[in-house]
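Work through the following exercises with the sequence and the model side by side. Each task is followed by a solution in steps.

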Amino acid sequence: MPVTTRAATSPADLYRHSLRLLLDKDIPGWIGLWAEDGVMEFPFAPPGRPGRLTGREAIAAYMRHYPDHIDLHDFPDVRIHQTTEPDTIVVEMRAVGRIVGSGDPYDMTYIAVVSVRDGRFTSYRDYWNPLALQAPGLDFYRSDAR
(Lines give C-alpha, C1' and ligand atoms only; values in the text may rest on other atoms or scores of the structure.)
Protein backbone atom coordinates (compact mmCIF):
# COMPACT_ATOMS: atom_id res chain seq x y z
CA MET A 1 0.00 0.00 0.00
CA PRO A 2 1.50 3.38 -0.97
CA VAL A 3 2.47 5.72 1.81
CA THR A 4 0.54 8.98 1.82
CA THR A 5 2.75 12.05 1.89
CA ARG A 6 1.76 15.67 2.27
CA ALA A 7 2.71 18.26 -0.30
CA ALA A 8 4.16 20.32 2.58
CA THR A 9 6.83 17.65 3.25
CA SER A 10 10.25 19.08 2.42
CA PRO A 11 12.46 17.16 -0.01
CA ALA A 12 14.98 16.61 2.81
CA ASP A 13 12.31 15.22 5.16
CA LEU A 14 10.92 12.96 2.44
CA TYR A 15 14.42 11.68 1.69
CA ARG A 16 15.16 10.95 5.36
CA HIS A 17 11.84 9.10 5.59
CA SER A 18 12.78 7.06 2.52
CA LEU A 19 16.01 5.95 4.23
CA ARG A 20 14.06 4.76 7.28
CA LEU A 21 11.81 2.71 4.98
CA LEU A 22 14.85 1.12 3.32
CA LEU A 23 16.32 0.21 6.73
CA ASP A 24 12.94 -1.33 7.63
CA LYS A 25 13.02 -3.24 4.31
CA ASP A 26 9.66 -1.67 3.48
CA ILE A 27 10.06 -1.57 -0.29
CA PRO A 28 6.30 -1.10 -0.95
CA GLY A 29 6.37 1.89 1.41
CA TRP A 30 9.47 3.26 -0.33
CA ILE A 31 7.81 2.85 -3.74
CA GLY A 32 4.76 4.68 -2.36
CA LEU A 33 6.91 7.80 -2.02
CA TRP A 34 7.25 8.02 -5.81
CA ALA A 35 5.14 10.00 -8.27
CA GLU A 36 3.43 7.79 -10.83
CA ASP A 37 5.65 9.29 -13.57
CA GLY A 38 8.85 9.37 -11.48
CA VAL A 39 12.20 8.72 -13.14
CA MET A 40 15.21 7.01 -11.57
CA GLU A 41 18.51 7.34 -13.41
CA PHE A 42 21.88 5.67 -12.98
CA PRO A 43 24.38 7.78 -14.96
CA PHE A 44 27.25 5.36 -14.26
CA ALA A 45 25.33 2.17 -15.03
CA PRO A 46 27.55 -0.37 -16.77
CA PRO A 47 26.49 -2.01 -20.04
CA GLY A 48 23.60 -4.41 -19.56
CA ARG A 49 22.25 -2.54 -16.54
CA PRO A 50 19.41 -0.03 -16.62
CA GLY A 51 20.44 3.58 -17.02
CA ARG A 52 16.92 4.89 -16.63
CA LEU A 53 13.71 3.60 -15.07
CA THR A 54 10.56 5.48 -16.03
CA GLY A 55 7.44 5.26 -13.91
CA ARG A 56 6.66 3.94 -10.45
CA GLU A 57 6.01 0.40 -11.74
CA ALA A 58 9.46 0.15 -13.38
CA ILE A 59 11.11 1.45 -10.23
CA ALA A 60 9.10 -1.03 -8.13
CA ALA A 61 10.15 -3.94 -10.35
CA TYR A 62 13.81 -2.89 -10.02
CA MET A 63 13.69 -2.51 -6.23
CA ARG A 64 11.38 -5.44 -5.40
CA HIS A 65 14.20 -7.88 -4.56
CA TYR A 66 16.64 -5.38 -3.04
CA PRO A 67 16.33 -6.67 0.57
CA ASP A 68 16.99 -10.23 -0.64
CA HIS A 69 20.45 -9.11 -1.75
CA ILE A 70 21.50 -6.22 0.47
CA ASP A 71 20.75 -6.14 4.20
CA LEU A 72 21.11 -2.47 5.07
CA HIS A 73 22.04 -1.69 8.67
CA ASP A 74 22.65 2.05 8.68
CA PHE A 75 23.22 5.25 6.75
CA PRO A 76 25.94 6.67 9.03
CA ASP A 77 26.92 9.64 6.89
CA VAL A 78 24.05 11.55 5.30
CA ARG A 79 24.51 15.13 4.13
CA ILE A 80 21.62 16.87 2.40
CA HIS A 81 22.34 20.04 0.46
CA GLN A 82 19.72 22.51 -0.69
CA THR A 83 19.98 23.80 -4.24
CA THR A 84 18.72 26.98 -5.86
CA GLU A 85 15.66 24.92 -6.88
CA PRO A 86 13.51 24.55 -3.73
CA ASP A 87 12.23 21.09 -4.75
CA THR A 88 15.69 19.66 -5.55
CA ILE A 89 18.34 18.44 -3.13
CA VAL A 90 21.77 16.88 -3.48
CA VAL A 91 22.49 14.05 -1.08
CA GLU A 92 25.86 12.63 -0.10
CA MET A 93 25.53 9.41 1.87
CA ARG A 94 27.06 6.15 2.88
CA ALA A 95 25.16 2.88 3.27
CA VAL A 96 26.49 0.00 5.33
CA GLY A 97 25.22 -3.52 5.87
CA ARG A 98 25.95 -6.93 4.46
CA ILE A 99 25.56 -8.76 1.19
CA VAL A 100 22.96 -11.44 1.90
CA GLY A 101 24.31 -14.08 -0.49
CA SER A 102 27.87 -14.02 0.77
CA GLY A 103 27.66 -12.42 4.22
CA ASP A 104 30.34 -9.95 3.14
CA PRO A 105 30.17 -6.36 4.36
CA TYR A 106 28.38 -3.82 2.19
CA ASP A 107 29.79 -0.29 2.32
CA MET A 108 28.87 2.09 -0.49
CA THR A 109 28.94 5.83 -0.91
CA TYR A 110 26.40 7.59 -3.08
CA ILE A 111 25.63 11.01 -4.41
CA ALA A 112 22.06 11.58 -5.50
CA VAL A 113 20.27 14.51 -7.10
CA VAL A 114 16.64 14.25 -6.04
CA SER A 115 13.59 16.28 -7.08
CA VAL A 116 10.18 16.25 -5.39
CA ARG A 117 6.76 17.46 -6.49
CA ASP A 118 3.62 17.39 -4.33
CA GLY A 119 5.42 15.36 -1.64
CA ARG A 120 6.62 12.58 -3.97
CA PHE A 121 9.90 11.79 -5.70
CA THR A 122 9.81 12.78 -9.36
CA SER A 123 13.47 12.45 -10.29
CA TYR A 124 16.33 10.58 -8.64
CA ARG A 125 19.76 10.52 -10.27
CA ASP A 126 21.83 7.95 -8.38
CA TYR A 127 25.61 8.30 -8.75
CA TRP A 128 27.12 5.09 -7.35
CA ASN A 129 30.15 2.91 -8.02
CA PRO A 130 29.27 0.31 -10.68
CA LEU A 131 32.39 -1.70 -9.81
CA ALA A 132 30.53 -2.83 -6.67
CA LEU A 133 28.36 -5.03 -8.90
CA GLN A 134 31.33 -7.35 -9.19
CA ALA A 135 30.79 -8.45 -5.58
CA PRO A 136 29.03 -11.83 -5.34
CA GLY A 137 25.36 -11.55 -4.41
CA LEU A 138 24.74 -8.05 -5.80
CA ASP A 139 23.29 -9.10 -9.13
CA PHE A 140 19.66 -8.34 -8.29
CA TYR A 141 18.73 -6.53 -11.49
CA ARG A 142 15.87 -8.18 -13.34
CA SER A 143 15.47 -7.65 -17.07
CA ASP A 144 11.75 -6.97 -16.58
CA ALA A 145 12.57 -3.82 -14.57
CA ARG A 146 13.22 -1.61 -17.59
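Buried means under 20% relative accessible area, exposed over 50%, and partly exposed in between (1.4 Å probe, protein chains only). This is a predicted model, in which local features need pLDDT of at least 70 and side-chain atom pairs count only at pLDDT 80 or more, while totals for chains, interfaces and linings use all residues. Residues are numbered from 1 along each chain as its sequence is written, and side-chain values use heavy atoms, with hydrogens and water left out.

**Exercise 1.** Describe the salt bridge between R79 and E92 and the setting of its partners.

Step 1: a salt bridge is a side-chain nitrogen of Lys or Arg within 4 Å of a carboxyl oxygen of Asp or Glu, and R79 and E92 meet in one at 3.9 Å, N to O.
Step 2: the pair links distant parts of the chain, 13 residues apart, with R79 in strand β3 and E92 in strand β4; strands (E, at least two residues) are DSSP runs, numbered from the N terminus.
Step 3: E92 has 28% relative accessibility and therefore counts as partly exposed, and R79, at 47%, also counts as partly exposed.

**Exercise 2.** Which residues do salt bridges that share partners join into one network?

Step 1: the network consists of K25, D71 and R98.
Step 2: within it, the closest N and O atoms of R98 and D71 are 3.4 Å apart.
Step 3: D71 counts as buried at 14% relative accessibility, whereas R98 counts as partly exposed at 31%.

Key: Helix = DSSP H or I, 4+ residues; strand = E, 2+ residues; numbered from the N terminus.
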